[in-house]
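Subject: Structure for you to look at

Hello,

Here is the structure I promised you. Please open it and keep it beside this email while you read.

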Amino acid sequence: GNMMSSLGYKADGFHNHTYTYYSRDKSHPNFGYGWHGVGNWKEATFTSAWPKSDRELAVNTLSYITSDKPFHLYYMTVSGHANYSFYGNSMSKKHQDVVANLDCSDNVKAYHACQYEVELMLAEMVRQLEAAGKLEDTVFVMSTDHYPYALSDSELAELYGLPEADIHKNFDLLRNGCIIWCASMEEPIIVEEPCSSLDI
């Protein structure tokens, strides 16, 4: 945020959960972001649910996307958060039909289902950026912060295709992916090496 602000970009961070959680009301302004979340973001409207909708997170920031000022926006999503069940996660329940035909247990299906809300968030952002004529000049960077630790070891084994006994022996469990995308890319570049937040 501080780096982009120094280049003339408007830098703001958004979260569809409590803005003070983990003292992010202190850390993220220190990173250089105007920090907005549930509790200090008066303009935002969210459906009452746990977890809240990532698509609604994007909709609440469309005025930034369509403004003339260059922007750097940081989104901390929450739709993919635990619990992973069709009863304890509103986003899993919302997208249960999307994962109905997957060959896995219900909790693993619920995990996949709630992640689908991020897909809808990104689709909404791409649509709005394209309509504003800014898609070709926008870069998306996406990463996760941790593995789905709320799943049991047997469910993690199912998700990752590993023997259950090997789940916590596998250091790659603690690594994650990083997606960097721009519509102007001519072809995909795939990097097979897993990475961590430190690598990013």
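Glutamate 117 is buried, at 0% relative accessibility. Buried means under 20% relative accessible area, exposed means over 50%, and partly exposed is in between (1.4 Å probe, protein chains only). Glutamate 117 forms a salt bridge with lysine 94, and their closest N and O atoms are 3.2 Å apart. A salt bridge here is a side-chain nitrogen of Lys or Arg within 4 Å of a carboxyl oxygen of Asp or Glu. Lysine 94 lies in helix H5 (residues 90-94) and glutamate 117 in helix H6, so the pair ties together parts that are 23 residues apart in sequence. Lysine 94 is partly exposed, with a relative accessible area of 44%.

A word on the source. This is a predicted model, in which local features need pLDDT of at least 70 and side-chain atom pairs count only at pLDDT 80 or more, while totals for chains, interfaces and linings use all residues. Residues are numbered from 1 along each chain as its sequence is written, and side-chain values use heavy atoms, with hydrogens and water left out.

Helices and strands are DSSP runs, numbered from the N terminus (helices: H or I, at least four residues; strands: E, at least two).

Serine 92 sits in helix H5. Its relative accessible area is 0%, so serine 92 is buried. What is serine 92 in contact with, leaving aside its neighbours within four places in sequence? The partners are Ser85, Phe86, Ala110, Ala113 and Cys114. Contact means heavy atoms within 4.5 Å.

Side chains of opposite charge can pair when their charged atoms come close. The whole structure has five salt bridges.

Arginine 127 and glutamate 124 form one of them, at 2.8 Å from N to O. Both residues lie in helix H6, three residues apart, which is about one turn of the helix. Glutamate 124 is buried at 6% relative accessible area. Arginine 127 is partly exposed at 48%. Salt bridges with shared partners join Arg55, Glu124 and Arg127 into one network.

Lysine 10 pairs with aspartate 12 in a salt bridge, with the closest N and O atoms 3.1 Å apart. Buried or partly exposed: which is aspartate 12? Aspartate 12 has a relative accessible area of 5%, so it is buried. Lysine 10 is partly exposed, at 35%.

**The cores**

A nonpolar core is a set of buried Ala, Val, Leu, Ile, Met, Phe, Trp, Tyr and Cys residues joined through side-chain atoms within 4.5 Å. The largest core has 16 residues. Phe14, Ile65, Leu73, Tyr75 and Met125 touch the most other members. Which elements supply at least two residues each to this core? They are helix H3 (54-59), helix H4 (62-65), strand E3 (71-76) and helix H6 (106-131). A second, separate core has eleven residues, among them Tyr84, Ala157, Ile167 and Leu173.

Leaving aside its neighbours within four places in sequence, leucine 73 is in contact with Asp12, Phe14, Tyr64 and Ile65.

**Aromatic pairs**

Rings of Phe, Tyr and Trp (its six-membered ring) pair if their centres lie within 6.5 Å. Planes under 30 degrees apart count as stacked, over 60 as edge-to-face, and the rest as tilted. The structure holds ten such pairs.

Phenylalanine 14 and tryptophan 41 make a tilted pair, 4.9 Å centre to centre with 40° between the planes. This pair links distant parts of the chain, 27 residues apart: phenylalanine 14 is in strand E1 (residues 10-18), and tryptophan 41 is in the loop between strand E2 (34-38) and H3. Both residues are buried.

Phenylalanine 140 and tryptophan 181 have ring centres 5.6 Å apart and planes at 50°, so this pair is tilted. Phenylalanine 140 is in strand E4 and tryptophan 181 is in strand E5 (residues 178-182), 41 residues apart. Phenylalanine 140 is buried at 13% relative accessibility, whereas tryptophan 181 is partly exposed at 35%.

Ring pairs also link Phe14, Trp41, Phe46, Tyr64 and Tyr75 into a cluster.

Best wishes
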